[in-house]
Amino acid sequence: MAGDQLRVLDALDVARTQWYHFTAIVIAGMGFFTDAYDLFCISLVTKLLGRIYYHVDGAPKPGSLPPKVSAAVNGVALCGTLAGQLFFGWLGDKMGRKKVYGLTLMLMVICSIASGLSFGHSSKGVMATLCFFRFWLGFGIGGDYPLSATIMSEYANKKTRGAFIAAVFAMQGFGILAGGVVAIVVSAAFKAAFPAPTYQENGLASTVPEADYIWRIILMFGAFPAALTYYWRMKMPETARYTALVAKNAKQAASDMSKVLQVEIVADGEKAEKISQVSGNDFGLFSGEFLRRHGLHLLGTTSTWFLLDIAFYSQQLFQKDIFRAIGWIPNPETMNAVEEVFRIARAQTLIAVCSTVPGYWFTVALIDKTGRFAIQLMGFFFMTVFMFALAIPYDHWTHKENRIGFVKMYSLTFFFANFGPNATTFVVPAEIFPARLRSTCHGMSAAAGKAGAIVGAFGFLYAAQNTDPAKTDAGYPPGIGVRNSLLVLGCINFLGMVFTLLVPESKGKSLEEMSRENEGEEGSVETEMRTQGGHEIRTVPV
């Protein structure tokens with residue numbers, strides 16, 4: 001009887017690629033555009049926040065966020081994201097993907113705007129308010145991970161499913177790029193309108209009062225792309241796989257598919273009633289049967305995502321510190337506050353254009369040809385190689401004539417992160433688990449990744465400090481230095497390569513085949529094809 005209920009889903013697996021598939025990519029992808037923008041734009045303005053709210057008269061260097069405040073501002077959204085991934089992943093399996101999909105988006109819109117409106121009578125008050133709203137912003141972002149991945153995987157055909165899911169995730173690259181572009185435009189406008197001396201020339205005057213608007217505008221801009229797609233998210237029907245396999249309403253699933261894919265599916269009403277009698281595939285997440293079938297798979301998806309995000313987020317959030325360490329961004333005292341935002345945004349945008357965005361789309365182009373496993377293994381391998389190539393001769397890269405070479409090598413680590421595990425760790429958990437646990441397991445895998453991101457964000461902040469106490473940033477204890485931090489990240493990437501061996505290949509296979517929900521199904525799907533009024537009509541017994 002499992003076979004009876006699964007036959008309606010064959011139409012999804014063999015459906016030709018249609019306009020609706022691309023519409024779904026844009027609708028789900030704009031959420032990820034906003035996710036990436038909101039998560040990474042904070043790194044563009046943390047130096048500015050330090051200058052504005054923690055200025056010390058007569059200090060040799062501009063004000064900077066105290067260590068604990070900096071860790072909170074950079075990491076609180078990641079904590080919210082982790083919680084949101086677990087909660088909305090579970091809720092997506094309990095209530096359906098569609099019912100909670102709009103809620104995550106509205107949470108992101110409201111909290112993006114609220115973050116930019118953070119208030120307080122003191123610097124602590126402003127930072128506390130900012131952290132509060134960024135936590136809930138992260139909570140909404142977290143829900144978008146399992147829901148977008150699951151919805152796209154359940155709509156896609158098996159031939160191009162990997163590319164479709166990866167394309168949704170690839171919008172993250174454009175979000176990172178957009179953050180840099182917005183920061184460049186806003187800071188350039190303010191720099192032209194409100195000229196100021198460098199910090200060395202006049203410490204107080206180097207940060208004009210109007211600079212307080214810059215970080216607020218940059219943070220609030222993330223609300224607009226999310227708001228624009230809210231209506232279309234609400235118009236999306238529930239996925240046929242959830243309706244048929246979890247809600248056990250095959251007739252509704254056939255009806256929804258007919259409207260979405262413009263392929264009429266005529267369901268057999270008598271067989272639809274048999275769905276409720278299906279047994280053998282009703283085990284729970286914490287059951288021995290789940291452990292036997294999918295335990296190693298879940299370990300593989302959680303561990304690889306955890307290890308990947310330690311490296312990825314520590315590099316992404318603290319690019320400005322690495323670039324300053326090699327001298328690619330001038331010392332802060334030689335710039336005014338607005339100029340520093342402009343320089344940091346320009347450097348991060350260059351990395352996004354040259355490596356981050358292309359890496360995502362290489363994955364989209366090749367994932368259904370090369371396979372998930374090969375791309376992930378290759379990505380971790382080259383991330384390891386380039387990280388060691390940066391770390392071992394680190395003194396060589398700090399010389400002025402070698403800085404461009406460092407940036408090129410550093411860019412390649414991002415390229416192979418995105419043409420590699422940063423994309424595949426998102427794709428695979430949406431394909432290999434049963435429909436009734438798919439969103440939950442994806443949420444757990446993504447939450448493990450965000451736990452790694454928190455380790456990277458908080459840990460690298462301290463670890464990358466100079467070993468000489470006289471050369472550390474204000475308030476920070478001595479660390480192990482950038483070179484040793486890069487060596488640690490190289491070892492972490494190697495471990496990711498090892499744990500990739502636990503991840504199964506899902507290229508070209510149906511979701512039910514990967515999750516083994518069709519065990520015991522005999523025979524092939526019988527379909528009748530005919531044409532009526534110029535439209536393809538497919539009669540599928542269910």
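Arginine 241 is buried in this predicted model, its relative accessible area being 0%. The side chain of arginine 241 meets that of glutamate 512 in a salt bridge, with a nitrogen-to-oxygen distance of 2.8 Å. The pair links distant parts of the chain, since arginine 241 belongs to helix α12 (residues 240–246) and glutamate 512 to helix α24 (residues 511–515), the two residues being 271 residues apart. Glutamate 512 also counts as buried, because its relative accessibility is 4% and the cut-off for burial is under 20%. Side chains of opposite charge can pair when their charged atoms come close. In the whole structure, a search finds 16 salt bridges.

Glutamate 289 is partly exposed, with a relative accessible area of 26%, whereas arginine 292 counts as exposed at 54% relative accessibility, and arginine 293 counts as buried at 8%. Elsewhere, salt bridges that share partners join Asp93, Arg97, Glu154 and Arg438 into one network.

The packing of helix α7 (residues 123–155) was examined against two other helices. The axes of helix α4 (residues 42–53) and helix α7 come within 11 Å and cross at roughly 160°. The result is that α4 is roughly antiparallel to α7, an assignment that follows because angles over 145 degrees are counted in that class. The crossing of α4 and α7 is right-handed. Helix α7 also packs against helix α22 (residues 435–463), at an angle of about 135° and with the axes 8 Å apart. At that angle, α7 is oblique to α22. The crossing in which α7 passes α22 is right-handed.

Proline 237 is placed in the loop between α11 (230–235) and α12, and proline 237 is partly exposed, with a relative accessible area of 22%. The C-alpha atoms of proline 237 and aspartate 256 are separated by 6.8 Å, although these residues lie 19 residues apart along the chain. Lysine 248 is located in the loop between α12 and α13 (250–261), and at 37% relative accessibility lysine 248 counts as partly exposed. The backbone of lysine 248 has a phi near 60°, a positive value in a residue other than glycine. Most residues other than glycine have a negative phi.

Glycine 420 is found in the loop between α20 (403–418) and α21 (421–427). In contrast to the partly exposed lysine 248, glycine 420 is buried, with a relative accessible area of 0%. The C-alpha atom of glycine 420 is 7.0 Å in space from that of threonine 363, while the two residues are 57 residues apart in sequence.

Conventions
Residues are numbered from 1 along each chain as its sequence is written. This is a predicted model: local features need pLDDT of at least 70, side-chain atom pairs count only at pLDDT 80 or more; totals for chains, interfaces and linings use all residues. Side-chain values use heavy atoms; hydrogens and water are left out. Axes are lines fitted to C-alpha atoms, for helices over the stretch in contact, and angles run from 0 to 180 degrees between N-to-C directions. Helices (H or I, at least four residues) and strands (E, at least two) are DSSP runs, numbered from the N terminus. Angles under 35 degrees count as roughly parallel, over 145 as roughly antiparallel, 65 to 115 as roughly perpendicular and the rest as oblique. A crossing is left-handed if the near helix is turned anticlockwise from the far one by less than a right angle, and right-handed if clockwise. A salt bridge is a side-chain nitrogen of Lys or Arg within 4 Å of a carboxyl oxygen of Asp or Glu. Buried means under 20% relative accessible area, exposed over 50%, partly exposed in between (1.4 Å probe, protein chains only).
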